[in-house]
Amino acid sequence: MKNDTGKELVFKRFVQRESGLRHPTYDTELAFYQLVQSGETERLMEALNDPGIPGIAAPERGELSEDPLRNFKYHFVVTAAMISRFCIEGGLDERISYMLSDIYIKRADKAVSMDELHALHEELVLEYAERMKKGISREKMSIHCIKAMDYISDNLHAPLTTSDVADYLELDRTYFCKLFKKETGMGVSEYIRH
């Protein structure tokens with residue numbers, strides 16, 4: 001097995017060298033993920049037009065599947081996972097970051113065209129960047145939202161409503177809903193579902 005992998009690696013390196021295709025450098029990928037982490041949406045919009053950015057299924061990104069659609073989906077999963085981790089490091093609440101990653105990966109899994117995946121990729125990148133731009137992090141959240149998120153996590157196996165959470169916090173439901181949406185970018189019911 002090890003010998004076969006070694007031969008395949010040598011062959012792939014030869015093909016890439018002869019065709020002039022190269023993976024983007026580690027620094028290029030790192031710069032892209034840091035751009036998302038910093039919430040620089042304007043620069044990201046420019047970067048999204050560059051075929052060498054992470055997630056775009058160009059030949060130089062590497063062939064993970066012979067099927068082009070599946071190949072892009074695999075690259076999409078890697079991109080979603082990387083972005084979610086970079087944003088957690090940047091202060092995004094890890095539960096929200098992981099949930100967003102799961103949501104987008106499931107959407108990508110259901111995609112049936114390259115155009116759909118490209119649009120989803122842009123949406124993923126900008127969703128995270130916007131959240132980072134807003135500075136949504138657990139440290140910056142009110143104690144009410146932090147307690148609400150903890151309460152929801154602790155009670156996921158029980159039927160749970162927005163009113164239940166507001167009652168637990170001893171807050172007016174309408175006030176709580178507005179506060180939660182403002183601080184997390186997600187409605188309470190949506191957060192519970194996800």
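Colleague: What pattern does the chain follow, read along the sequence?

Modeller: Along the sequence it goes α-α-α-α-α-α-α-α-α-α. That comes to ten helices and zero strands. Keep in mind that this is a predicted model.

Colleague: Noted. How many residues are in the chain, and what percentage of them count as buried?

Modeller: The chain has 194 residues, and 42% of them count as buried. Its accessible surface is about 11,700 Å², with 52% of that belonging to carbon and sulfur atoms.

Colleague: And what share of the contacts with a separation of 6 or more comes from residues 24 or more positions apart?

Modeller: Those pairs account for 66% of them.

Colleague: Let's talk helix pairs. At what angle do α4 and α5 cross?

Modeller: The axes of α4 (residues 68-89) and α5 (residues 94-110) cross at roughly 170° and come within 9 Å. An angle over 145 degrees counts as roughly antiparallel, so α4 is roughly antiparallel to α5.

Colleague: Which residues make that contact?

Modeller: On the α4 side, they include Phe76, Val77, Ala80, Ser84, Cys87 and Ile88. On the α5 side, Ser97, Tyr98, Ser101, Tyr104 and Ile105 are among them. By class, the contact of α4 with α5 has ten nonpolar, three polar and four charged residues.

Colleague: Which other residues of α5 are buried?

Modeller: Besides Ser97, the buried ones in α5 are Ile96, Met99, Leu100, Ser101, Ile103, Tyr104 and Ala108. The buried residues of α5 pack against α4, α6 (114-133), α7 (143-154), α9 (173-184) and α10 (188-193).

Colleague: How far apart are the end C-alpha atoms of α5, and what span should its residues give?

Modeller: They are 24 Å apart, and 17 residues at 1.5 Å a residue should span 24 Å, so the two agree. The check on α6 also agrees: its 20 residues should span 28 Å, and its end C-alpha atoms are 28 Å apart.

Colleague: While we're on α6, what covers its buried residues?

Modeller: The cover includes α2 (26-38), α3 (41-47), α4, α5 and α9. Among the buried residues of α6 are Leu117, Leu120, His121, Leu124, Tyr128 and Arg131.

Colleague: What follows α6?

Modeller: Gly135 does, and its phi is positive, near 70°.

Colleague: Which residue has a positive phi although it is not a glycine?

Modeller: Glu170 does, with a phi of about 60°. Most residues other than glycine have a negative phi. Glu170 sits in the loop between α8 (162-169) and α9. Its relative accessible area is 74%, so Glu170 counts as exposed.

Colleague: OK, α8 and α9 then. How do their axes cross?

Modeller: They cross at roughly 100° and come within 9 Å. Angles of 65 to 115 degrees count as roughly perpendicular, so that is how α8 sits relative to α9. Thr162, Ser163, Val165, Ala166 and Leu169 of α8 make the contact with Arg173, Phe176 and Cys177 of α9. Those residues divide into five nonpolar, two polar and one charged.

Colleague: What about α7 with α9, what's the crossing angle there?

Modeller: The axes of α7 and α9 cross at roughly 90° and come within 10 Å. That makes α7 roughly perpendicular to α9. His144, Cys145, Ala148 and Met149 in α7 meet Phe176, Leu179, Phe180, Glu183 and Thr184 in α9. By class, the contact of α7 with α9 has six nonpolar, two polar and one charged.

Colleague: Last one. Where is His194 found?

Modeller: His194 is in the segment after α10. With a relative accessible area of 43%, His194 is partly exposed.

Colleague: And which residues is His194 in contact with, leaving aside neighbours within four places in sequence?

Modeller: Met99 and Ile103. Both are on the list of buried residues in α5.

Note on methods. Residues are numbered from 1 along each chain as its sequence is written. This is a predicted model: local features need pLDDT of at least 70, side-chain atom pairs count only at pLDDT 80 or more; totals for chains, interfaces and linings use all residues. Side-chain values use heavy atoms; hydrogens and water are left out. Axes are lines fitted to C-alpha atoms, for helices over the stretch in contact, and angles run from 0 to 180 degrees between N-to-C directions. Helices (H or I, at least four residues) and strands (E, at least two) are DSSP runs, numbered from the N terminus. Angles under 35 degrees count as roughly parallel, over 145 as roughly antiparallel, 65 to 115 as roughly perpendicular and the rest as oblique. Contact means heavy atoms within 4.5 Å. Ala, Val, Leu, Ile, Met, Phe, Trp, Tyr, Cys and Pro count as nonpolar, Asp, Glu, Lys and Arg as charged, and the others, Gly among them, as polar. Buried means under 20% relative accessible area, exposed over 50%, partly exposed in between (1.4 Å probe, protein chains only). Accessible areas come from the Shrake-Rupley method with a 1.4 Å probe; for residues, only the protein chains shown count as cover. The expected span of a helix is 1.5 Å times one less than its number of residues.
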